[in-house]
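Let's take a friendly tour of a protein model. Have a look at the sequence and the structure below, and keep them at hand while you read.

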Amino acid sequence: MSAGSTRDTRCTIAARAARELKDGDVVNLGAGIPMLVANYVPDGRDVVIQAENGIVRCGPVSAPGTEEPDRRNAGNLPVELLPGGCYVDSATSFGMIRGGHIDATMIGTLQVDGDGDIANWQMPGRKIGMGGAMDLVAGARRVYVLTEHCAKDGSPKLVERCTLPLTGAGECDVLITERALFRRSPERGFVLEEVARGYALDDIRSATGMRYEVAEDVRLEAYGPAK
Amino acid sequence: MPANKMIPLDEAVARVESGMTLAMGGFLGQGSPLTLIRSLRDGDVEDLTIYANDAGFGDAGIVELIRAGKVRTLYCCHAGYTPAVNEAVERGLVELVWTPQGNLIEMLRCGGAGLGGFLTPTGVGTSVAEGKEHVTVDGKVYFWERAVRVDVALVQAHAGDTLGNLCHRGTARNYNPIVASCADYVIAEVEHVCCPGELDPEKIQTCGVFVDAVVRTTGDNASRHAA
């Protein structure tokens, strides 16, 4: 099984993550894999997407020819505004984020460790910035980290200790990769609850640097690429 | 007879002096005051400190001031869409001070609202909180972040009247109304200028009380950047 990012792995992660969203949830989806989650929200669930640049009930990317120059998401893509949506200024947007009005945020990462520390904003030699990620992990009620299990070079992204600058300390609640789903509690730390099709418990162990426990009722073949 | 704040572009921009601290509206080009930025780019001032969400998008925005060697320090949360900024940092042309998006906007909001600072949970346990005073309230840890008041603010609006009342469009609202509140001198560039009474008062998002000068958006500087 090749490491790193493929369309399949990204969609597997996004589809599993979408099942975590409840009817009525207000969610913020970060760049990359999290943005794909919107494509997999189960029918009949009203999930409100907030983009931190000040758009609530943010819809899909606009079709060519229908773009509005001043209707964009936090990645600067022209988007639709769904019925009932609105715009807010940035102070209001981040008040919403810190004030507990965002049920879930889903973000990508470079590293995550067993304490729930997240490092996703600064690679050596590349100046990107944290954007709104520090506010989102500190403020959202549930913080999901969605990431390929390993980096492109095959090294674990789920590490014993984050070595890159932190986005948040102890903020990750749920960690979803194309191979496994871990949920973190104050008592036990990360607990492996689900293993994806094509992987065994030993595969997860050998590709995971962070400490975790295995749930008594861990589910094997719990999810995977669409067949 | 109410004051007419409409003045020529060069007269407005002449209020900016070398060594000053500025704040600018705009989010990856959404709502960026490009007429004002380009006027500064082509002028003589230098050694500026700027507070803004980002450095722009592609080759447009604050990145133009950085490439022209006019910016000493940029407080921002993102520079991932302006590769030229990375080069400028490596060459020592500009210093970036990473500031989480929600903290950044709140620093400006507090500065404009007469507050000295605020307690934020965003960034606790990360580099942005290092050396800052921490306070525990009801069991939750925060740190003190300072308010920011600047010499000059540059903002953008889709429509505005000669009293400085402004209507922002779509997500271009995000930084502009807050940035308009935090400066000793505020210049608004407006795409469509009208007379007092012509704007629907229910739709004015930035009150003219905050604005000192109004200039017209000129040339190809309107908010309609391609993605």
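Predicted model: local features only at pLDDT ≥ 70, side-chain atom pairs only at ≥ 80, totals over all residues.

## A residue to begin with

Is Ile187(B) buried or exposed? Ile187(B) counts as buried because its relative accessibility is 0%; here buried means under 20% relative accessible area, exposed means over 50%, and partly exposed lies in between (1.4 Å probe, protein chains only). The residue sits in strand E10 of chain B; helices (H or I, at least four residues) and strands (E, at least two) are DSSP runs, numbered from the N terminus.

Residues are numbered from 1 along each chain as its sequence is written, chains are lettered from A and ligands numbered from 1 in the order in which they are written, and side-chain values use heavy atoms, with hydrogens and water left out.

## The nonpolar cores

Not counting residues up to four places away in sequence, Ile187(B) is in contact (heavy atoms within 4.5 Å) with Ala12(B), Val13(B), Leu36(B), Val152(B), Ala153(B), Leu154(B), Val155(B), Ala213(B) and Val215(B). By contrast, 42 Å separate Ile187(B) from Asp138(B), C-alpha to C-alpha, and the two are 49 residues apart in sequence.

A nonpolar core is a set of buried Ala, Val, Leu, Ile, Met, Phe, Trp, Tyr and Cys residues joined through side-chain atoms within 4.5 Å. The largest one has 44 residues, and Ile187(B) and Leu74(B) are among those with the most contacts inside it. Apart from neighbours within four places in sequence, Leu74(B) touches several residues, including Ile50(B), Ile66(B) and Val94(B). A second, separate core has 43 residues, among them Val47(A), Cys58(A), Val112(A) and Tyr199(A).

## A covered helix and a buried loop residue

Now find helix H2 of chain B, residues 34-41, where six of the eight residues are buried. They are Leu34(B), Thr35(B), Leu36(B), Ile37(B), Arg38(B) and Leu40(B). Among the elements of chain B that these buried residues pack against are helix H1 (9-13), helix H3 (62-67) and strand E10 (183-194).

The loop between E1 and H2 of chain B holds Leu28(B). Its phi is positive, about 50°, although Leu28(B) is not a glycine. Leu28(B) counts as buried because its relative accessibility is 3%.

## Where the two chains meet

How many residues of chain A are in contact with chain B? There are 37 of them, and they touch 45 residues of chain B. Between them the chains bury about 3,200 Å², 56% of it on carbon and sulfur atoms; buried area is the accessible area (1.4 Å probe) that two parts lose on being put together, summed over both.

Two salt bridges run between chain A and chain B, a salt bridge being a side-chain nitrogen of Lys or Arg within 4 Å of a carboxyl oxygen of Asp or Glu. One salt bridge joins the side chains of Arg169(B) and Asp70(A), at 3.1 Å from N to O. On the side of chain A that touches chain B, helix H3 (90-98) and helix H4 (133-139) of chain A are the elements that give two or more residues. H3(A) gives the most, with four residues.

## Salt bridges inside chain A

Over all chains, the structure holds 26 salt bridges. In one of them, Arg161(A) pairs with Asp113(A), with the closest N and O atoms 2.8 Å apart. Arg161(A) lies in the loop between strand E9 (158-159) and strand E10 (174-176) of chain A and Asp113(A) in strand E6 of chain A, so the pair ties together parts that are 48 residues apart in sequence. Arg161(A) is partly exposed, at 46% relative accessible area, whereas Asp113(A) is buried, at 0% relative accessibility.

Arg161(A) also forms a salt bridge with Asp117(A), where the closest N and O atoms are 3.9 Å apart. This pair again links distant parts of the chain, 44 residues apart. Asp117(A) is buried, with a relative accessible area of 9%. Elsewhere, salt bridges that share partners join Arg16(A), Glu20(A), Arg183(A), Glu193(A), Glu194(A) and Arg219(A) into one network.
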